[in-house]
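Please read these points with the structure open beside you, and check each one against the model as you go.

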Amino acid sequence: EESSEPPPENVRRLNVLINNDDGILRCGEFSGCKWNTDVRRAALADVLKVHEYTYVEKTSKLCSATPDHPKAIQTLDADTTVSHWSFEAALRAAGSVCEAVDKVMAGDHRNAFCAIRPPGHHAGPRGIVTCPNDPDGSHGFCLLNNIAIGAAYARSMYRNDGIKKVAIIDFDVHHGNGTEEIVRQLTPNTEHAVVRTPFAVGAFHTSSYKPWLDENDINDVFFASTHGFGPRDRQPVPGMVQGGWFYPASGETYKSKSLTSPSDVETPNLAEFLLSQSWARLGDDYRNNCCKIIDIGLSLPYKDDPYHHSLQRCELRDAYRKNVLPSLLEFDPDMIFISAGFDAHRKDTMNFGYVGMLEEDYEWLTEQLVKVANTCCNGRIVSALEGGYKIHGGIVSPFARSVASHVRALVDGGNSR
């Protein structure tokens, strides 16, 4: 017997936010916000700055081949299903982030929040991103990486209008592995694969490189993700993992050498980038450390500790105060992008107990990012919805209240200097 319950990532998530009658962002508090509901599709050229065409074509064909019927779906993997209009929705979601960039750059608004679905931060250049702890991976409800497409669009489209450096901050409870992999593709890379047949063994090598603008991308793009990392359940023995990893099983705490000790990172000859191909000969240590990346993998607390919820929240805030925010301020971005996931809320069961934020934490964190934006880039922020699934209760659900806290801080920041 089929379940009548929809998957966690469904249209109800947007209804509790933007429904004309009872969406929380339609209430009087946000009456001064400007709405744009007729957004364009993302241009294919902008999508292909971050995704391989083979992946885009495969996803588009799968959706087109699905009958246009509410109950007709196809599965990309065990987690992710699509319908006839899913790829169209993904293009509109990415397009809305690009359009938000246009609005902010035109000076119409200092910041923007994109209430969109499907989410995007798990979508890498070829869709699924794998890691040693999960060699199969999954799409994690994501089709196109909305925030990366928007950041690449800003860096290329407005390169002569003051946008040189772009930063992406991801506070979804799940590691933004797709966005990180896209950022790592800003330097040339050679991928290897071995194919075995009964008669022979063959090795394949292919070069990959997805620049957003030019060879300076690695110096002008910053990515930071705070998320849960570890087993799905607290293990009886430290270091043991039984019952699987918390999705996507990547994102252990890490800070690239280009942020901690730039002088230790080999510097290629950018002036002769195409002629010398010096980047292609650099080793794995360079490729792992040349991009400006911070991962903060927050651990699962011991639930027998009566203060574990408070400790979780302190740990998150400390990660930003001591690590992310100082590095972001030093990077001095020209525009900040936020992958705004709200599944780290204490009452959201999708987080298995990781992170444990409350509404005031989302507001505090957004306020801190607004302060950096007001200091560095005239308040320019574009935020896009990622996860957040505790929608029961509608306008008073943890998801709706958390989004409202985030948008409230953006509104207040837009009115301050």
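1. A disulfide is a pair of cysteine sulfur atoms within 2.5 Å, and this cut-off is needed for the point on cysteines that comes next. Please keep in mind throughout that the model is predicted.

2. A search of the whole structure finds zero disulfides. For Cys98, the closest cysteine sulfur belongs to Cys114 and lies 9.2 Å away, which is too far for a bond. Cys290 is likewise in no disulfide, the nearest cysteine sulfur, that of Cys291, being 3.9 Å away.

3. Are Cys98 and Cys290 buried or exposed? Cys98 counts as buried because its relative accessibility is 1%, and Cys290, with a relative accessible area of 3%, is buried as well.

4. Turning to the sheet, seven strands form an open arrangement with mixed pairing, in the order E3-E11-E10-E4-E7-E9-E8. Its edge strands are E3, at residues 111–114, and E8, at residues 254–255, each of which pairs on one side only.

5. Within this sheet, strand E7 (residues 221–228) and strand E9 (residues 292–298) run parallel and are joined by seven bridges. To find one place where they meet, look at Ser225, whose bridge partner in E9 is Asp295.

6. Helix H5 (residues 146–157) lies across E4, E7, E10 and E11, and runs at about 170 degrees to E10. Helix H13 (residues 398–414) lies across E3, E10 and E11, and runs at about 165 degrees to E3.

Methods: Residues numbered from 1 in each chain as written. Predicted model: local features only at pLDDT ≥ 70, side-chain atom pairs only at ≥ 80, totals over all residues. Heavy atoms only, no water. Pairing = 2+ DSSP bridges. Helix = DSSP H or I, 4+ residues; strand = E, 2+ residues; numbered from the N terminus. Contact = heavy atoms within 4.5 Å. Axes fitted to C-alpha atoms, helices over the stretch in contact; angles between N-to-C directions. Buried < 20%, exposed > 50% of the residue type's maximum accessible area, 1.4 Å probe, protein only.
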